[in-house]
Amino acid sequence: MDRNLALEFVRVTEAAAIAAAKWVGRGDKHAADQAAVDEMRARFNQINFSGTVVIGEGAKDEAPELYTGEKVGIGTGPEMDLAVDPLEATDSVAHGRYNAISVIVAGAKGSLLGAPDVYMDKIAAGPRAAKAIDLDASVEKNIKHVAKALGKDVKDITVLVLERERHEKLMQEIRDAGARVRTITDGDVAGAIAPSMPDSGIDLLMGIGASTEAVLAAAAIKILGGEIYCRFAPKDEKQQKAIADAGIKDLDKIYSADDLAHGNQLTFTATGVIDGPLLRGVQFTDHMITTHSIVMRASSGTVRYITANHKVK
Ligand code: VTB
């Protein structure tokens, strides 16, 4: 990449986040998502680059915009693959809950795993505990090893888990190990990145979430020096078929952050829609809209926070 396109992408996520935030608490997740998708796609098409959506809103026949394989951008300039979620955690927005972002990951051609949208079992830690996690080890062992790596007592370890029935056993095991559980109703992109952020208060993410979210999170985690390990965990035959159709044969394979998002051309750009562990949400006042974004770039390792005040038009 010949320039920091991630800084141009921040205008895209800002616009998508603002569009989505107008739908907070209105009970309509499709409208919230559509607003973000429309805005993201329109803004992409004003940027001088040639992007291919590798992870987006779904297959072409299901998603008219930002579908897998769609070309975006003016079409000249650098070529890159994109993994996007114009609105990650649509339910959080619809129901006025916690933790939603708009996010773009870009990388060199072929650098992002074109994962089918199925479940994956995940464990993610920050830089100091990156070598302490093991998807095949027990919950107790992982927590103990992470505590040791962080120089903390097990009782001071906080594990973030998606609040789902399927995680009841996991949550009990975390408590039995002596650690604390925090839950999120949605948004395990920000959730998986949280342990890599020094002030998030989160030491680990564990549990089953979407694979596309794993790829998005992996780019940021890699840039920040943390680690995420994932393995496909199809919930039904449909998901098994989607994995097989994608040509993935080895269901036991454990994917690291680098397997999901590789190379040093990666960028991660996100804007908060609703407050979460990574970013504050969009704030509306009578004359101004304030957005909070983060921009990370693998080649330099730079992490930028961008707060922007937008005039209300
Ligand atoms: C998670 C969550 C996402 O999907 O990945 C989840 O972080 C997994 O699916 O925000 P289930 O909702 O079926 O558990 C989202 O909720 C939406 O993409």
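The shell around the ligand holds four nonpolar, two polar and six charged residues. Here Ala, Val, Leu, Ile, Met, Phe, Trp, Tyr, Cys and Pro count as nonpolar, Asp, Glu, Lys and Arg as charged, and the others, Gly among them, as polar. This is a predicted model, where local features need pLDDT of at least 70, side-chain atom pairs count only at pLDDT 80 or more, and totals for chains, interfaces and linings use all residues. Residues are numbered from 1 along each chain as its sequence is written, and side-chain values use heavy atoms, leaving out hydrogens and water.

Start with the ligand. The residues around it include Arg164, Arg166, Asp186 and Asp188; each has a heavy atom within 4 Å of the ligand. For tyrosine 119 the distance is 2.3 Å. For glutamate 213 it is 2.7 Å, and for glutamate 88 it is 3.0 Å. On its own the ligand has 420 Å² of accessible area, and the protein covers 76% of that. Such areas come from the Shrake-Rupley method with a 1.4 Å probe.

Now turn to the rings. The structure has four aromatic pairs, meaning rings of Phe, Tyr or Trp (its six-membered ring) with centres within 6.5 Å. Phenylalanine 9 and phenylalanine 49 have ring centres 5.2 Å apart and planes at 65 degrees, so they pair edge-to-face; that label needs planes over 60 degrees apart. Phenylalanine 9 sits in helix H1 (residues 5-21). Phenylalanine 49 lies 40 residues away, in the loop between helix H2 (29-44) and strand E1 (50-55). Helices (H or I, at least four residues) and strands (E, at least two) are DSSP runs, numbered from the N terminus.

Methods. A polar contact is a pair of N or O atoms within 3.5 Å; within protein, one must be able to donate a hydrogen and the other to accept it, and residues adjacent in sequence count only if both atoms are side-chain atoms. Rings of Phe, Tyr and Trp (its six-membered ring) pair if their centres lie within 6.5 Å; planes under 30 degrees apart count as stacked, over 60 as edge-to-face and the rest as tilted.
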